[in-house]
Amino acid sequence: MTTSKTAVSSSVGPVVNAYRSEHQRDIVNRLRRIEGQVRALVDMVESGRSCEDVAQQMSAARKAMDKAFYRMMACTVLEAVSGTDAEADVERSTRILEKYA
């Protein structure tokens with residue numbers, strides 16, 4: 001993972017690197033909140049909460065994960081259009097979206 005990050009960092013400008021650093025903090029914070037939601041879901045199931053309550057919280061966790069994914073993809077697209085081979089990088093971002101979205 002470090003190799004990929006280094007390769008990306010060297011191909012984009014300082015503005016994108018600053019955005020990327022801030023963006024990574026945001027993503028990590030989102031994932032930590034999602035982790036807490038999932039732990040709470042386990043507790044809910046183990047304590048016998050209603051299926052509807054659990055389903056509602058699962059939906060919230062899933063939507064939070066979707067938002068984190070799209071924030072990560074925004075960073076990918078920004079790096080793509082800022083890189084030295086923008087056309088290929090945008091195509092790569094498009095394939096990632098098609099595959100995982």
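Helix α3 passes helix α4 in a left-handed crossing, a term for a near helix turned anticlockwise from the far one by less than a right angle, clockwise being right-handed. The structure is a predicted model, in which local features need pLDDT of at least 70 and side-chain atom pairs count only at pLDDT 80 or more, while totals for chains, interfaces and linings use all residues. Residues are numbered from 1 along each chain as its sequence is written, and side-chain values use heavy atoms, with hydrogens and water left out.

The chain as a whole has four helices and zero strands. Helices here are DSSP runs of H or I with at least four residues, strands are runs of E with at least two, and both are numbered from the N terminus. Along the sequence the pattern reads α-α-α-α. The chain holds 101 residues, of which 18% count as buried; buried means under 20% relative accessible area, exposed means over 50%, and partly exposed lies in between, with a 1.4 Å probe and protein chains only. Among contacts in the chain with a separation of 6 or more, 61% come from residues 24 or more positions apart, where contact means heavy atoms within 4.5 Å.

Two packed helices are described by the angle between their axes and the distance between the axes. Helix α3 covers residues 51–82 and helix α4 covers residues 86–100; they pack at an angle of about 165°, with axes 7 Å apart. That angle makes α3 roughly antiparallel to α4. Angles under 35 degrees count as roughly parallel, over 145 as roughly antiparallel, 65 to 115 as roughly perpendicular, and the rest as oblique. The axes are lines fitted to C-alpha atoms, for helices over the stretch in contact, and the angles run from 0 to 180 degrees between N-to-C directions.

From α3, the contact is made by Phe69, Tyr70, Met73, Thr76, Val77, Ala80 and Val81, and from α4 by Ala86, Asp89, Val90, Arg92, Ser93, Ile96, Leu97 and Tyr100. These residues divide into eleven nonpolar, two polar and two charged. Ala, Val, Leu, Ile, Met, Phe, Trp, Tyr, Cys and Pro count as nonpolar, Asp, Glu, Lys and Arg as charged, and the others, Gly among them, as polar.

Thr76, in helix α3, is buried at a relative accessible area of 15%. Leaving aside residues up to four places away in sequence, Thr76 touches Arg92, Ser93 and Ile96. Tyr100 belongs to helix α4 and is exposed, at 54%. Between Tyr100 and Phe69 there are 9.1 Å in space, C-alpha to C-alpha, and 31 residues in sequence.

Ala60 also lies in helix α3 and counts as partly exposed, with 29% relative accessibility.

The cysteines remain. Cys51 is exposed, with a relative accessible area of 70%, whereas Cys75 is buried, at 5%. A search of the whole structure finds zero disulfides, a disulfide being a pair of cysteine sulfur atoms within 2.5 Å.
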